[in-house]
2 protein chains.
Amino acid sequence: MKIECLKENLSKGLNIISKITPIRASLPILSNVLLKTEKGRLKLSGTNLEIGINYFLGAKIEKEGAITVPVKILNEYINSLPENKINLTVDKLQLLIESKNYQTKIFGMDPQEFPLIPEIKEDWLAEIEPKQLLESINQVSFATTIDESRPILSGVYFNFNQNKLTMVGTDSYRLSEKIINLSKKFKKDFSIIVPSKTINEIFYIISEFNEPIKVALSENQVLFKIKDIEVVSKLIEGEFPNYQQIIPDSYETRVKINTEEFIQLVKMANIFAREGIGNIKLEIKNKGEITISVSTASLGEHISHFKAEVEGLDTEINFNTKYLLDALNSLRSEEFYLELNGKLNPGLIKPVGKKGYLHIIMPLRA
Amino acid sequence: MKIECLKENLSKGLNIISKITPIRASLPILSNVLLKTEKGRLKLSGTNLEIGINYFLGAKIEKEGAITVPVKILNEYINSLPENKINLTVDKLQLLIESKNYQTKIFGMDPQEFPLIPEIKEDWLAEIEPKQLLESINQVSFATTIDESRPILSGVYFNFNQNKLTMVGTDSYRLSEKIINLSKKFKKDFSIIVPSKTINEIFYIISEFNEPIKVALSENQVLFKIKDIEVVSKLIEGEFPNYQQIIPDSYETRVKINTEEFIQLVKMANIFAREGIGNIKLEIKNKGEITISVSTASLGEHISHFKAEVEGLDTEINFNTKYLLDALNSLRSEEFYLELNGKLNPGLIKPVGKKGYLHIIMPLRA
């Protein structure tokens, strides 16, 4: 291989690849990036065996070829170069990077040994705007579990139906549902469960782009493609729980709350809560007086009061503060409704004046 | 105790105290701050048994008293309060913080059990401008060791002589010396060795102020006072090594180098060096051609070239890159001289056009 390319493009690709590449992999070659000339361009590939990324960039190709080298080192080294034009040459299993003022040699590994990233036919089933997808992923992926013993709950559920895309994340103590309507109908209806980790990588990658993300499927893999980047991820197999039945369709108490103000109060209470078992008590009484209280044996106690618009019955309920803060931070609205059905049933949180998003949290027993 | 004070002042003090307070102390009370009314003000005290800090702030005192509470929690809690006026009340061993909208109780510990911070007579021996001290500390303290088996080398040596203050830090592989001339003569000549850790805390604290720092001594403690803050530190006992004899007074080779450009080149080389034993080779030849090279068995090799003004003999020398980067970052000058006496003798680095600072590094054998 002998090519010339621009530092800027090479850096961007190496940055993305290095986000998914394990630093100390059981299989050492997984810490490497594969550089390969392909159809007149340079292809960078990285994989952690769950997610694979291909990144294509323009290059002047003098001689075809391939090599794999440690991605973190190459990325840092390329970033440190003063010139914008970079010459890469492969000599046996060494990558040479040279200019007038420096000569560098990085030892590589055989590209033949690099794990294949599955190829998926570019039969596009759906197209999504990255900004909309980004916000939606943010609103649901935090509610999934990292507990690997329940693989289905470690993924985000996507349901593509006509032109309605529903996304759900749950760890069984809380659930986020986001529905977006797209202008273009999907080529066919389908449902998949994508590992939450992949989703967050995609979130990172798409945050820069302004073109639609295209989605294609194989039997157990999904391909997301945006511009010159392909992200291929394993799918989680199994049936997603029938979550619709736990979404309450009525309430005994409904409170309309200012989001920012409430976040501040919950954060104050959390300074105490996190030293104990992590929960706070909300009391709603006298048609609008609300009390947040927390008490821990080791540290002390804290009570705060505020007023809000309340419909329905007086009540009280205990929530985990971390879960509550996660939910509040996912709202993206000035005000929200908290809908309750007594102290033992799940609470529902949804933005005031915005459709398509809801979050459910299970209460804790006092 | 019953007082009212301003959040801003209380926060500033708690912030400073929490910098030295151990989070998990063998003696739990060391994680606490002592709040005590004293001469019409509120005194905050914290200590890690090596350094103690007293911070005084204005307060309306309704009732005298004292308590100790966990400083990290109190600091975070005070910072989260929306109001600027804060009411603190001590009720037995509880600190109450109250307003219309919240009531908070933090469990404390007996102030009688709080370790005493030694009192030192305010017989000021020297006064130093904080900015000058700050820069000087930065230039020498990084060269001290954290190895506790050689306590003298874990401290910064201060020599106050007439109106010349000399500061030295060394870990025996490198040495930094900084001399500053002060306008005011010291009350008497003296030398002390102050733990490097204290010095860095003082550095942090003084970075905000514009008044002189005053210095007083007791037998084995030093007091630094600036505005309403007292920092009391243990001194390190023993004789500081006679370091003057290792400062070379001539050179066989002298190179004048652009600091920023050289830092970039050493950083590039360091990407390779740190994967190996951490050293790079400098070769100086043909009256001004300089080569930096590094080679590691696992990763590869890197060579870079640049030109500089050279006086004297061609030579080569190996340095540890971390030490070299530390030294370069301490220079604060556009250009520097590197003075060498062959590959086995220490190299001397000093800024071009600025007096009072020098750094010595021992070479490594290839």
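**Contacts within and between two chains**

A:Arg174 lies over the face of A:Tyr323, at 3.8 Å from the ring centre. The model is predicted.

A:Arg174 also takes part in a network of salt bridges, together with A:Asp171, A:Lys322 and A:Asp326. In chain B, the side chains of B:Asp171 and B:Arg174 meet in a salt bridge, with N and O 3.2 Å apart. Both residues of this pair, B:Asp171 and B:Arg174, are buried.

Chain A contains 6 helices and 26 strands. Its C-alpha trace spans about 80 × 50 × 35 Å along the principal axes. Of the 366 residues in chain A, 54% are buried. Contacts in chain A were considered at a separation of 6 or more, and 67% of these come from residues 24 or more positions apart.

The two chains were then compared. Two copies of a chain are related by a rotation about an axis and a shift along it. Here, chain B is superposed on chain A by a rotation of 180 degrees, with 0.0 Å of shift along the axis. The RMSD is 0.0 Å. The two copies are thus related as by a two-fold rotation axis. The interface fits this picture. Of the interface residues of chain B, 100% are also interface residues in chain A, so the copies meet through the same surface.

Salt bridges were examined next. Over all chains, the count comes to 40 salt bridges. One of them joins A:Lys187 to A:Asp123, with the closest N and O atoms 2.5 Å apart. A:Lys187 lies in the loop between strand 13 (174-181) and strand 14 (190-195) of chain A, and A:Asp123 lies in the loop between strand 9 (102-107) and strand 10 (126-128), so the pair ties together parts that are 64 residues apart in sequence. A:Lys187 counts as exposed because its relative accessibility is 57%, and the cut-off for exposed is over 50%. A:Asp123 has a relative accessible area of 31% and is partly exposed.

A second salt bridge in chain A links A:Glu339 with A:Arg254, and the closest N and O atoms are 3.3 Å apart. A:Glu339 belongs to strand 24 (residues 335-340) and A:Arg254 to strand 18 (residues 253-258), so the bridge ties together parts 85 residues apart in sequence. A:Glu339 and A:Arg254 are both buried.

A pair of aromatic rings is described by the distance of the centres and the angle of the planes. The structure holds 16 aromatic pairs over all chains. In one of them, the ring centres of A:Tyr77 and B:Phe272 are 5.4 Å apart and the planes stand at 85 degrees, so the pair is edge-to-face. This pair crosses between chains. A:Tyr77 is in helix 2 (residues 71-80) of chain A, and B:Phe272 is in helix 5 (residues 259-273) of chain B. Both A:Tyr77 and B:Phe272 are buried.

Another pair has a contrasting geometry. The rings of B:Phe160 and B:Phe190 have centres 4.2 Å apart and planes at 15 degrees, so this pair is stacked. The pair links distant parts of the chain, 30 residues apart. B:Phe160 lies in strand 11 (residues 155-161) of chain B and B:Phe190 in strand 14 (residues 190-195) of chain B. B:Phe160 and B:Phe190 are both buried. In chain A, A:Phe160 and A:Phe190 belong to one aromatic cluster with A:Phe158 and A:Phe186.

B:Asn341 is found between strand 24 (335-340) and strand 25 (347-351) of chain B. B:Asn341 counts as buried because its relative accessible area is 15%, and the cut-off for buried is under 20%. A polar atom of its side chain lies 3.0 Å from the backbone oxygen of B:Ser250. The side chain of B:Asn341 also reaches the backbone nitrogen of B:Glu252, at 3.1 Å. Leaving aside residues up to four places away in sequence, B:Asn341 touches B:Pro248, B:Ser250, B:Tyr251 and B:Glu252.

Key: Residues numbered from 1 in each chain as written. Chains lettered and ligands numbered in written order. Predicted model: local features only at pLDDT ≥ 70, side-chain atom pairs only at ≥ 80, totals over all residues. Heavy atoms only, no water. Salt bridge = Lys/Arg side-chain N within 4 Å of Asp/Glu carboxyl O. Helix = DSSP H or I, 4+ residues; strand = E, 2+ residues; numbered from the N terminus. Buried < 20%, exposed > 50% of the residue type's maximum accessible area, 1.4 Å probe, protein only. Phe/Tyr/Trp six-rings, centres within 6.5 Å; stacked < 30°, edge-to-face > 60°. Lys NZ or Arg CZ within 6 Å of the ring centre and 35° of its normal. Polar contact = N/O pair within 3.5 Å; in protein donor to acceptor, adjacent residues only side chain to side chain. Contact = heavy atoms within 4.5 Å. Least-squares fit on C-alpha atoms with pLDDT ≥ 70 in both.
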